[in-house]
Amino acid sequence: RALQDEQRKVVEKMKKIPYKIAILSSKGGVGKSFVTSNLAIALSSLGKNVAVLDADFHGPSIPKMLGIELSKGLLARDDGSIIPAVSRHGVKVVSVGLMLPTEDTPVIWRGSIKTTAIRQLLAYTDWEGIEYLLIDLPPGTGDEQLTIAQIIPNLTGFLMVTIPSEISKYVVKKAANFAQKINVPILGIIENMSYFKCDDGKIYYIFGKGAAEEISKEYNITFLGKIPIDPKIRESNDNGIAFFIDYPELEASKIFMDISKKF
Ligand code: ADP
């Protein structure tokens, strides 16, 4: 009964949010959180009211990347609803990372608990006025992640983040098949860590070349762009400043701006 109540609340709240985008990645560490946080800032810079639900329980990095101190935690209203934290870019964030007693506390949850946690965060957060909800899902496209995506009604679509390795082919195929099954569009695929350009201009394809682009053609999924490996990206992420704000002139920032205008 509690479960039905929660699901009803989720449906009610999600109905009011025009765009709900779940971000999936092929594996951990491919840059899903980086893409999510920069896309959130890009949308926010266009004057949109944006929230991120950081559902990557094992590596909740959205608060850090958006410069929100974990010790601030999350506040609740008298009626028990959760108030999202707000980054200096105006992006609202709900993250398990903001609920842990210390930064290095591990989250040891099985799949079913994760699904419940996401349902409850969706049901009990105050999402009032949000136009774009970006949901940063745990890495991989296993059943668990996809079930999580399924509890969000009227999901606008999945956004895939991958690297140009052979494994991306398998992952995109799996996601494409699942999305079709539950009738949710794949909005596009972003290839991160596509290449590294040396100071002398020489380009190295460290993780391979072209796999994501190839598969996007085969499955008719929009290819949204290639982001190079760039130490500036890593630095910005670590410093919580956001690459998009630091280096608006770079190609990767333009990609985020272009994508945010598409949705
Ligand atoms: P995921 O969410 O997929 O686990 P993250 O977004 O946390 O991955 O990124 C993993 C690490 O790689 C982080 O330290 C991040 O700063 C770094 N990173 C992501 N994309 C790039 C890139 N294009 N160039 C350099 N470093 C990157």
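Reader: Is the crossing of α6 and α7 left-handed or right-handed?
Author: This is a predicted model, in which local features need pLDDT of at least 70 and side-chain atom pairs count only at pLDDT 80 or more, while totals for chains, interfaces and linings use all residues. Residues are numbered from 1 along each chain as its sequence is written. Helices (H or I, at least four residues) and strands (E, at least two) are DSSP runs, numbered from the N terminus. A crossing is left-handed if the near helix is turned anticlockwise from the far one by less than a right angle, and right-handed if clockwise; that of α6 and α7 is right-handed.

Reader: How are α6 and α7 oriented to each other?
Author: Axes are lines fitted to C-alpha atoms, for helices over the stretch in contact, with angles from 0 to 180 degrees between N-to-C directions. The axes of α6 (residues 166–181) and α7 (residues 211–218) come within 8 Å and cross at roughly 30°. Angles under 35 degrees count as roughly parallel, over 145 as roughly antiparallel, 65 to 115 as roughly perpendicular and the rest as oblique. The two helices, α6 and α7, are therefore roughly parallel.

Reader: Which residues in α7 does α6 meet?
Author: Two residues are in contact if their C-beta atoms, placed from the backbone, lie within 7 Å. From α6, Glu-166, Ser-168, Lys-169, Val-172 and Lys-173 take part, and they meet Ala-211, Ala-212 and Ile-215.

Reader: What is the handedness of the crossing of α1 and α4?
Author: Helix α1 (residues 2–15) packs on helix α4 (residues 111–124) at about 55°, with axes 8 Å apart. That makes α1 oblique to α4. The crossing of α1 and α4 is left-handed.

Reader: How many charged residues are in the shell around the ligand?
Author: The ligand is surrounded by 19 residues, the closest being Gly-31, Lys-32, Ser-33, Phe-34 and Asn-237; a residue is near if its C-beta atom, placed from the backbone, lies within 6 Å. Ala, Val, Leu, Ile, Met, Phe, Trp, Tyr, Cys and Pro count as nonpolar, Asp, Glu, Lys and Arg as charged, and the others, Gly among them, as polar. The shell has seven nonpolar residues, nine polar and, as charged ones, three.

Reader: Is Met-193 buried or exposed?
Author: Met-193, in the loop between β9 (186–192) and β10 (196–197), has a positive phi of about 55° although it is not a glycine. A residue is buried if 20 or more other C-beta atoms, placed from the backbone, lie within 10 Å of its own, exposed if 12 or fewer, and partly exposed in between. With 23 C-beta neighbours inside 10 Å, Met-193 counts as buried.
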